[in-house]
Number of protein chains: 6
Amino acid sequence: MKLSARNQLKGKVVEVLKGATTSHVRIDIGGAVITSSITNEAVDELGLKVGQEAYAVVKASDVMVGVGD
Amino acid sequence: MKLSARNQLKGKVVEVLKGATTSHVRIDIGGAVITSSITNEAVDELGLKVGQEAYAVVKASDVMVGVGD
Amino acid sequence: MKLSARNQLKGKVVEVLKGATTSHVRIDIGGAVITSSITNEAVDELGLKVGQEAYAVVKASDVMVGVGD
Amino acid sequence: MKLSARNQLKGKVVEVLKGATTSHVRIDIGGAVITSSITNEAVDELGLKVGQEAYAVVKASDVMVGVGD
Amino acid sequence: MKLSARNQLKGKVVEVLKGATTSHVRIDIGGAVITSSITNEAVDELGLKVGQEAYAVVKASDVMVGVGD
Amino acid sequence: MKLSARNQLKGKVVEVLKGATTSHVRIDIGGAVITSSITNEAVDELGLKVGQEAYAVVKASDVMVGVGD
């Protein structure tokens, strides 16, 4: 599927941490690691595993901007 | 302010496109460009300009994962 | 791309309304019409047009539940 | 309450899965099943149970569009 | 409708600013003013006007936490 | 960091409830209590504790408007 989401960052899965219903998946996009919080069900369905190629996908309206430290 | 958001990606503003009420701001994080959709008011208040250092900030629950092409 | 988003509802585009930077796209999923607010850029890139097959895609953490009237 | 959210899809609860702090609620809207991820507290407060009428509520800015397969 | 959203803050509309497709609505909740970005269509449908009682509604998963200055 | 998010509500942490991967943090902003759902990791990193000063931070596009009861 081709998606409207403006941000589709290619990387490699570096961690999959499963909780009771919610998992945290970390994707190294080269220079930065993105943390994603998705359902356990999605992790199982996509068969997400450390070392796998994956995209971190974010809608533009979910990105804030920060300046300074 | 120190923020709970798991994803705070440092980069440089490469485009600021103002609409009627909503602006699109693009931040080059090195290897990828992140698009953010924020209010015009926020752009004015932060004084966002091309060339400026800025962070793209995303909550983990707003990051999806995609696999395949 | 195969996506972690739990909700991928197939339908037909019934309206594309472009604003200054933000478009509203309506997708009839059969029995209900879903309204999506995305960037003009995404509309152009996907070539969205009335009559086209498309999916409304929503992350589970963005769905609330309501009861009563 | 009358809500600004553009998408209020009527259906029936078909599953309530409670985790440690987060529940997954599935609502059959006729032809499609919507998955929602909400707090356990919200599940208790609304008294959500399988078989109950409920709405899946989604803000337009949280809906992406996908095309192709 | 009774909603799962954990945050339903009662206040008074103090500004309605319409753009091409997106409006900004400000609600004074007593001590703080909340800014909401919703569709023009929602503004029309709810008949939102300055001085009116209204709720700012936010899902818990859309609230971040910040500390320090 | 100075943030684009329109809503940065100052208050005091009144509850921190940790789940398997997701925590619920409640912040009393004076007159109202805001519930936030964030990662356990964020709670640890910010050292969030009851009694601490904190901000509830919400992007304008994540705020809906409700009218009536």
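Predicted model: local features only at pLDDT ≥ 70, side-chain atom pairs only at ≥ 80, totals over all residues.

Which residues of chain A does UniProt list for "domain: Mop"? The UniProt record, an unreviewed entry, gives residues 2-67 of chain A.

Chain A can next be viewed together with chain B, where 32 residues of chain A are in contact with 33 residues of chain B. The size of an interface is often given as the accessible area lost when the parts come together. Between chain B and chain A the buried area is about 2,700 Å², and carbon and sulfur atoms give 62% of this area. There are 10 residue pairs in polar contact between chain B and chain A, while the count of salt bridges between these chains is zero. On the side of chain B that touches chain A, at least two residues each come from strand E2 (7-18), strand E3 (22-28), strand E4 (33-39), strand E5 (53-58) and strand E6 (64-67); by class, this side has 21 nonpolar, eight polar and four charged residues.

The last stop is E:Arg6, which is found in the loop between strand E1 (2-3) and strand E2 (7-18) of chain E. Because its relative accessible area is 14%, below the 20% cut-off, E:Arg6 counts as buried. The side chain of E:Arg6 makes a polar contact of 2.9 Å with the side chain of D:Glu41, and a polar atom of the E:Arg6 side chain lies 3.1 Å from the backbone oxygen of E:Ser4. Beyond its neighbours within four places in sequence, E:Arg6 is in contact with residues including D:Thr39, D:Ala42, E:Val58 and F:Thr35.

Definitions and conventions. Residues numbered from 1 in each chain as written. Chains lettered and ligands numbered in written order. Heavy atoms only, no water. UniProt positions renumbered as here; feature names shortened; annotations may be inferred. Helix = DSSP H or I, 4+ residues; strand = E, 2+ residues; numbered from the N terminus. Buried < 20%, exposed > 50% of the residue type's maximum accessible area, 1.4 Å probe, protein only. Polar contact = N/O pair within 3.5 Å; in protein donor to acceptor, adjacent residues only side chain to side chain. Contact = heavy atoms within 4.5 Å. Buried area = accessible area lost by both parts, 1.4 Å probe. Salt bridge = Lys/Arg side-chain N within 4 Å of Asp/Glu carboxyl O. Nonpolar A, V, L, I, M, F, W, Y, C, P; charged D, E, K, R; others polar.
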